[in-house]
Amino acid sequence: MDTFDAIKARRAIKKFDSTYKMTAEQVESLMKLTLLSPTSYNQQNWRFVTVTDQPTKEKIHVAARNQAQPLDGSLVILLCGNMNAWKDDPMRYWKNHPLEKQEHVKEAMHKKYSDSPQNRRDEAMRSCGFAGQTIMLAAKQMGLDSCPMVGFDYDEMAKIINLPEDHLIVLMIVVGKAVSPANERGGQLSLKDVVFENKFN
Ligand SMILES: Cc1cc2nc3c(=O)[nH]c(=O)nc-3n(C[C@H](O)[C@H](O)[C@H](O)COP(=O)(O)O)c2cc1C
């Protein structure tokens with residue numbers, strides 16, 4: 001599928017075919033593509049919990065205020081941020097490059113993140129945002145649909161996925177086969193409402 005077509009065809013699906021199951025190979029190729037998403041300093045600070053197990057999906061469905069998508073979708077992905085990725089063996093993020101580059105990035109990340117929980121959190125949000133769009137567009141290319149979601153009880157979800165202390169959940173994405181198309185678009189703002197040439201008015 002052409003990228004422009006995938007962008008236009010991606011919609012937040014509410015009803016998935018509960019009989020459709022992705023194969024382990026499909027899940028793996030989707031996640032391999034996801035790992036090509038950009039992250040600042042290439043720190044790859046996202047962590048993904050992929051759920052296909054039905055009893056776990058049922059628990060997630062309850063934590064998601066009984067929304068149907070995690071119950072009926074084939075794959076539920078929790079996109080999480082690791083707040084300590086910046087200091088967790090950071091040389092590996094540039095292992096294909098000379099030592100000098102690896103050390104430069106390590107120092108730069110230390111400067112940006114060591115004293116700033118806000119910067120660490122912001123970075124998790126940015127990285128998971130990009131990864132989320134990769135997941136949803138790649139799913140379209142695979143003939144699948146998706147729904148991004150944050151309508152869930154955070155603490156309950158953290159328990160279900162055994163979230164480590166130094167991680168946070170950014171969002172959930174359900175992937176599967178739509179049984180009915182998305183509702184009409186809510187109504188997009190116009191270019192003039194949101195795009196400003198050179199500076200805000
Ligand atoms: C961060 C985020 C959280 C969302 N949470 C939910 C949710 O909990 N349940 C749901 O049905 N849709 C959820 N949505 C879907 C939005 O309502 C949907 O993306 C928006 O209305 C635009 O529609 P479209 O994605 O079909 O273009 C969420 C979307 C985003 C980006």
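Which side-chain atom lies 3.1 Å from an oxygen atom of the ligand? A polar one, and Gln69 supplies it. Everything here comes from a predicted model, where local features need pLDDT of at least 70, side-chain atom pairs count only at pLDDT 80 or more, and totals for chains, interfaces and linings use all residues. Residues are numbered from 1 along each chain as its sequence is written, and side-chain values use heavy atoms, with hydrogens and water left out.

**The overall layout**

- The protein chain has 8 helices and 4 strands; helices (H or I, at least four residues) and strands (E, at least two) are DSSP runs, numbered from the N terminus.
- Reading from the N terminus, the order of elements is α-α-β-α-α-β-α-α-β-α-β-α.
- The C-alpha trace spans about 55 × 45 × 30 Å along its principal axes.
- The chain has 201 residues, and 40% of them count as buried. Buried means under 20% relative accessible area, exposed means over 50%, and partly exposed is in between (1.4 Å probe, protein chains only).
- Take the contacts in the chain with a separation of 6 or more: 77% of them come from residues 24 or more positions apart. Contact here means heavy atoms within 4.5 Å.

**Around the ligand**

- The residues surrounding the ligand are Arg10, Arg11, Ala12, Lys14, Gln67, Gln69, Cys147, Pro148, Met149, Val150, Gly151 and Arg185. To make this list, a residue needs one of its heavy atoms within 4 Å of the molecule.
- For Gly151, a polar backbone atom sits 3.0 Å from an oxygen atom of the ligand.

**Strand β3 and its partner**

- β3 pairs with strand β4 (residues 167–176) in the antiparallel sense, over 5 bridges. Two strands pair if DSSP finds at least two bridges between them.
- Cys147 has Val174 as its bridge partner in β4.

**The cysteines**

- How many disulfides does the structure hold? The count is 0, with a disulfide taken as a pair of cysteine sulfur atoms within 2.5 Å.
- Cys128 is in no disulfide, and its nearest cysteine sulfur, that of Cys80, is 7.0 Å away.
- Cys147 is in no disulfide either; the nearest cysteine sulfur belongs to Cys128, at 17 Å.
- Cys128 counts as buried at 1% relative accessibility, and Cys147 is buried at 2%.

- Helix α3 (residues 54–63) has Thr56, Lys57, Ile60, His61 and Ala63 buried.
- Looking down the axis of α3, these buried residues fall within an arc of 160°, so they line one face of the helix. The arc is taken from the directions from the helix axis to the C-beta atoms.
- On the face turned away from that buried side, α3 carries the exposed residues Lys59 and Val62.
- The cover over the buried residues of α3 includes β1 (46–51), α4 (69–72), β2 (75–82), α7 (154–160) and β4.
- Arg65 follows α3 and has a positive phi, near 50°.
- Leu71 is in helix α4 and counts as partly exposed, at 24% relative accessibility.
- Not counting residues up to four places away in sequence, Leu71 touches Gln54, Lys57, Glu58 and His61.
- Leu71 and Ser114 are 43 residues apart in sequence, and their C-alpha atoms are 39 Å apart in space.

- Is Thr34, at 0% relative accessibility, buried or exposed? Thr34 counts as buried, and its place is in helix α2 (residues 24–34).
- Leaving aside neighbours within four places in sequence, Thr34 is in contact with Trp46, Phe48, Ala131, Thr134 and Ile135.
- Most residues other than glycine have a negative phi.
- Tyr41, in the loop between α2 and β1, has a positive phi near 60°. Tyr41 is partly exposed, with a relative accessible area of 30%.
- Gln44 is also found in the loop between α2 and β1, and its phi is positive at about 45° although it is not a glycine. Gln44 is partly exposed, with a relative accessible area of 26%.

Technical notes
Polar contact = N/O pair within 3.5 Å; in protein donor to acceptor, adjacent residues only side chain to side chain.
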